[in-house]
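User: I'd like to learn how to read the fold of a model like this one. Can you walk me through it?

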Amino acid sequence: MSLAQRKVVVLAYPRYQELDFWYPVLRSREEGATVHIVGEATESILGYPVIPDTETVDPAQIALIVAPGVAAGERPLASAGQVALVSAVHAAGGLVAAVGNGAEVIDTALPDQNDRIIRADGTDDLAPFFGTIRSTLTQE
């Protein structure tokens, strides 16, 4: 099973945790998904840059949106537009996922919601996290 022909969004915001961000990006691309990076041009905890490839996406076309974690003890600095996009993708039937403290973005966008939301506690959980995403999306 693969994510071929699916559209995935990964949010970019300051001080993203490298593996929390790049693991979903690279695994989704590896499986044939079209991956969009949405947010501002920014740097990771270690100073690695990321440049978003689009400013707007159609939430109805997105199968998955991922909120990566940031440095431990910090809060993700997601924009109001990113929070609104999470909510819109979920409302359109898309899957929402978060790694580590990226869950704060999901909790802001979708308070008291658990349906179609997948969470990983942290970087050590990325492999099973992505497996759950893959199996959920390929069953739809």
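Analyst: Helices (H or I, at least four residues) and strands (E, at least two) are DSSP runs, numbered from the N terminus. Keep in mind that this is a predicted model. Over residues 6-105, the chain is 28% helix and 25% strand, with the end C-alpha atoms 23 Å apart. UniProt lists that stretch, 6-105, as "domain: DJ-1/PfpI" in an unreviewed entry.

User: In what order do the five strands sit in the open sheet?

Analyst: Two strands pair if DSSP finds at least two bridges between them. Here the order is β2-β1-β5-β6-β7, and the pairing is parallel. β2 (34-39) and β7 (117-120) are the edge strands, each pairing on one side only. From one strand to the next, the twist averages 20°. β1 (residues 7-12) and β2 share six bridges, and A12 stands opposite G39 in β2.

User: Which strands does α1 touch?

Analyst: α1 packs on the sheet against β1, β2, β5 (64-67) and β6 (95-99), its direction making about 165° with that of β1. Helix α2 (residues 80-91) packs on the sheet too, touching β1, β2, β5, β6 and β7, at about 155° to the direction of β1.

User: And how do I read α1 against α4?

Analyst: Start with the angle: anything from 65 to 115 degrees counts as roughly perpendicular, and under 35 as roughly parallel. α1 (residues 18-30) and α4 (residues 126-139) pack at about 40°, their axes 11 Å apart, so they are oblique to each other. The crossing is right-handed. Y23 and R27 are among the α1 residues in the contact, and F130 and R134 are among those of α4. By class, that contact has six nonpolar, one polar and three charged residues.

Notes
Residues numbered from 1 in each chain as written. Predicted model: local features only at pLDDT ≥ 70, side-chain atom pairs only at ≥ 80, totals over all residues. Heavy atoms only, no water. Axes fitted to C-alpha atoms, helices over the stretch in contact; angles between N-to-C directions. Parallel < 35°, antiparallel > 145°, perpendicular 65-115°, else oblique. Left-handed = near helix turned anticlockwise from the far one by under 90°. Contact = heavy atoms within 4.5 Å. Nonpolar A, V, L, I, M, F, W, Y, C, P; charged D, E, K, R; others polar. UniProt positions renumbered as here; feature names shortened; annotations may be inferred.
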